[in-house]
Amino acid sequence: MTPWQFFVGHQVEILEATASHLTLVLISMAIAIAIALPLGMLIVQRPTLRNISLGIASVFQTIPSLALFGFLIPIPIIGGIGRRTAIVALVHYAILPILRNTYVGLTGIDPAVLQAAEAMGMTDTQILWRVRLPLALPVILAGIRTATVITIGVATIAAAIGAGGLGTFIFRGVAMVSDAVILAGAIPAALLAILADVLLARLERRLKVA
Amino acid sequence: MNAKAPSLAESTILFHNVTYSVNGNAAHPIIDSIVLGIHAGETLVLLGRSGSGKTTLLKLINRLLLPQSGQVLVQGRATSEWDAIRLRRGIGYVIQEGGLFPHFTVAQNIALVPTLEKWEPARIAKRVEELLSLVGLNPSEFATRHPNELSGGQRQRVGVARALAADPPILLMDEPFGALDPVTRAEIQREFSNLARRLGKTIVFVTHDLREAMLLASRIILLQAGRIVASAKPREFLHIDHPEVKAFATSLDPIPGATA
């Protein structure tokens, strides 16, 4: 059976797996952004919290993904087999790029601009929302792009703990020693990653004024 | 030294024995026991080498810094008593390279303080147009540009317009023309000198360029190591017998090879 024949024969199944993969990525990214963005804003003024949170996020980043899934399985509530565990792991991987870029973006602004803002009588809140965040946005978005691409990749491995998605085909194909089945998962996953990268890069360029 | 100035009590800005040091390093204050009255409508130039404390003195006026001892009075009230935001909205501020917001258009940059003060949009638009003309930029051509589409001189003009937007009585300028090429600088200095005369604002201008000080000042204050070492009208300044004045005077020496 050629890959093409398998693709045509399992269209619906592949589309469903792609949709489930995408859902997994979107939920994880939404949670990661909801955590990392405010935290990144918070650590601008708090060096201790900054060192702790960037340190923890970096450590998580170094754990191999299959091992992290393994660690999570025996943990109650957030662990076990299935989507919830997968989301917990994916969020961990997505946090560091977003957190680091939010911090770098907010602190990498020309000091003359910030001093002018302060001297013109802007409050700290106004400086954050009208100056720092808009100027940091392209950098923050670059972090979100990196995190998204990582998450799409790692999410294929989540199939190993029963989270579904395109990884299901890859693991099944490996077990069946079938290139066609492996490719049915690998090609859509690669396309998703490339597409996300291109679209987010385009958005990033449009936001870059300076 | 202050004999010729109007009485200190009438000053718009008054430094009352002000000392400022960083990280409690009281042995080497950046500003050391300064007594200085700046009266309404004068253009006071703070002249000095790098590290003489002139920028620090400027920042003490709009409360970007607070003194360790002594008081800075602005319009009769100590800066420590002022609400920092209110105080700063009434004081224009221009810095080197303009400090313009790169994500704002020229019009949005100029409109900053009026927008914060919630002026009517029509009034803001009118004011922006007025100010662009005032600083010699064609409103229809420049209003919608971003700072990265301007030359250094144009950016500096926008910086001046932005500082004047809400018509503040006081204008602080920290080496505003320092980063410009010499030809553009000379042009913009001459224009600004005329503008300053027409505006009648209290201007405190920081520079290390004696030529610029002579052109713009109604009074020159020379700072050295955080202290005032000379204070005079431009015409009289060069006659002061002080080593630091002489050092600055030497910097005015004619161009090498240009002697007749």
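Two strands pair if DSSP finds at least two bridges between them. Helices (H or I, at least four residues) and strands (E, at least two) are DSSP runs, numbered from the N terminus. With those terms in hand, here is the structure.

This is a predicted model, in which local features need pLDDT of at least 70 and side-chain atom pairs count only at pLDDT 80 or more, while totals for chains, interfaces and linings use all residues. Residues are numbered from 1 along each chain as its sequence is written, and chains are lettered from A and ligands numbered from 1 in the order in which they are written.

I begin with chain B and its open sheet of six strands. The order is β6-β7-β8-β3-β9-β10, and the pairing is mixed. At the edges stand β6 and β10 (227-232) of chain B; each has a single partner strand, so one side of each lacks a neighbour in the sheet. On average, neighbouring strands are turned by 15 degrees against each other, direction ignored. For such angles, axes are lines fitted to C-alpha atoms, for helices over the stretch in contact, and angles run from 0 to 180 degrees between N-to-C directions.

Helix α7 (residues 152-164) of chain B packs on this sheet and touches β6 and β7 (170-174) of chain B. The direction of α7 makes about 165 degrees with that of β6(B). Contact here means that the C-beta atoms of two residues, placed from the backbone, lie within 7 Å.

Now the pairs, strand by strand. β6(B) and β7(B) run parallel and are joined by five bridges; Gly92(B) has Leu171(B) as its bridge partner in β7(B). β7(B) in turn runs parallel to strand β8 (residues 202-207) of chain B, again with five bridges, and Leu171(B) stands opposite Ile203(B) there. Further along, strand β3 (residues 43-48) and strand β9 (residues 219-224) of chain B are parallel, with five bridges, and Gly48(B) is partnered by Leu223(B) in β9(B).

How many residues of β7(B) are buried? Five of its five, where buried means 20 or more other C-beta atoms within 10 Å of a residue's own, exposed means 12 or fewer, and partly exposed is in between, with C-beta atoms placed from the backbone. Ile170(B), Leu172(B) and Asp174(B) point one way from the strand, and Leu171(B) and Met173(B) the other way.

Chain B also has an open sheet of four strands, in the order β2-β1-β4-β5, with antiparallel pairing. Its edge strands are β2 (31-38) and β5 (77-78), each pairing on one side only. Strand β1 (residues 13-20) and strand β4 (residues 69-74) of chain B are antiparallel over five bridges, with His16(B) opposite Gln71(B).

Next, the contact between the chains. Chain B gives 17 residues and chain A gives 15 residues. On the side of chain B, the elements that give two or more residues are α2 (84-89), β6 (91-95) and α4 (112-116).

Leaving aside neighbours within four places in sequence, the contacts of Val45(B) include Phe205(B), Leu216(B) and Ile221(B).
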